[in-house]
Each structure stands twice: as C-alpha cells, then as structure tokens.
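Thanks for coming, everyone. Let me put today's structure on the screen.

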Amino acid sequence: MIGIVRQMILCVTAASLFGSMMLSLTEQKGQKEIIRIAIGMMLVLALITPLRSIRLPDWGWLSELWSGQETSADAQEVYQKHVLEEFETELETYLEQCAAREGVSCAAEVTAEQQADTVSIQAAVLTFVSDVTEQQREEIGAMAAQELGISEQQITLAGGEPDGTE
C-alpha cells in the first residue's frame, strides 16, 4: 500500500512539473485554459494509474457461506486428493533416490489409497532405465517392499533387460 501511495505522489509530482512548464511557455489566454484542462485530466490519470495495480480480495468465501456444506465437502475432497498425489510423488522420488544410492537408475510410480485418516500403499512399479542384473533387480524390489511396507507381489519390476520388458 505504501508503494502505491509513493507511486501516486511521484506521478502527480511529475505531471504537475510538466503542466507548470507548459503553462509558463504559453502566453495566450485561450491556450492557457485548454492547457489547464489538459493538466487537470493528466493529474487525474496520474492518481488513477497506480490504483490499477491493486488486487482486490477474493470474495469466493461468501458463496461458500451461502451454499452451505456442499462446498466445504467438495473442498475437503479436493484437498485430500491433492495430499494423496503429493504423498505418491514424494514416495516416488524417495524410491528413485534409494535406487540411485545402490547405483541403479530407475523410475518409480506409486499408487496409494486413502480411507478415512489412513493412507495405504496399493502398488509400486519400478521401471529400470539402464541394464541391471537380476540380483540388482531383486535387491531393489526387496528394498522397495521394505521401505513401502508392502509385499513384493505388489511391486512390478519392468525394463532394464534380464526379464523385464524394455
């Protein structure tokens, strides 16, 4: 708000200086009246221009109050979906980092489900980017099962040759 007031003062000062110079250069009465009107309009514009940058608050919360519980339930559902997606993304990144520490490059895809206040991991797919040995595949699969707290049957290992598809 202070920045807007500062900008208004600067604009009005510049417009006033310009207007006073124009008035001092003019000698005819008819032209002075026209210049005064133009200076007045320029000063109004100098006041209004900084106000364009003001962002008015979002009044969407009023409609939420009037519509009742439905909007709140929808917002809660969207929030839970977003949290679940963020949870899956963080797990995928963590698994990829764990595999990278073992010297294996892979891409992870985790599927999770939320019931009430509990999030459970349903499955994971590890797609190996480079060639890996069968022993490395098994180690990474076991590590992923241990880290995610799920059985090895819920983990799919793909790519990277030995018996995965590329």
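I'll go through a helix pair, then a sheet, then a core. Keep in mind that this is a predicted model.

Start with the helix pair. Helix H1 covers residues 2-25, and helix H2 covers residues 29-48. Their axes lie 9 Å apart, and the packing angle is about 170°. An angle over 145 degrees counts as roughly antiparallel, so that is what H1 is to H2. Which residues of H1 meet H2? Among them are Met 8, Cys 11, Val 12, Phe 18 and Leu 23. On the H2 side, the residues include Ile 35, Ile 39, Met 42 and Leu 47. By type, this contact has 13 nonpolar residues, two polar and two charged.

Now the sheet. It is open, with three strands in the order E1-E2-E3, and the pairing is mixed. E1 and strand E3 (155-159) are the edges. Each has a single partner strand, so one side of each has no neighbour in the sheet. From one strand to the next, the twist averages 20°. E2 and E3 run parallel, joined by five bridges. For example, Phe 128 has Gly 159 in E3 as its bridge partner. H5 packs on this sheet and touches E2 and E3. The direction of H5 makes about 145° with that of E3.

Last, the largest nonpolar core. It has 20 residues. Which members touch the most others? Leu 95, Leu 126, Ile 140, Leu 148 and Ile 155. Helix H4 (69-101), strands E1 (106-115) and E2 (118-128), and helix H5 (134-148) each supply at least two core residues. H5 gives the most, with five. Take Leu 95: beyond its neighbours within four places in sequence, its contacts are Ala 108, Val 110, Leu 126, Met 143, Ala 144 and Leu 148.

Key. Residues are numbered from 1 along each chain as its sequence is written. This is a predicted model: local features need pLDDT of at least 70, side-chain atom pairs count only at pLDDT 80 or more; totals for chains, interfaces and linings use all residues. Side-chain values use heavy atoms; hydrogens and water are left out. A nonpolar core is a set of buried Ala, Val, Leu, Ile, Met, Phe, Trp, Tyr and Cys residues joined through side-chain atoms within 4.5 Å. Buried means under 20% relative accessible area, exposed over 50%, partly exposed in between (1.4 Å probe, protein chains only). Helices (H or I, at least four residues) and strands (E, at least two) are DSSP runs, numbered from the N terminus. Contact means heavy atoms within 4.5 Å. Axes are lines fitted to C-alpha atoms, for helices over the stretch in contact, and angles run from 0 to 180 degrees between N-to-C directions. Angles under 35 degrees count as roughly parallel, over 145 as roughly antiparallel, 65 to 115 as roughly perpendicular and the rest as oblique. Ala, Val, Leu, Ile, Met, Phe, Trp, Tyr, Cys and Pro count as nonpolar, Asp, Glu, Lys and Arg as charged, and the others, Gly among them, as polar. Two strands pair if DSSP finds at least two bridges between them.
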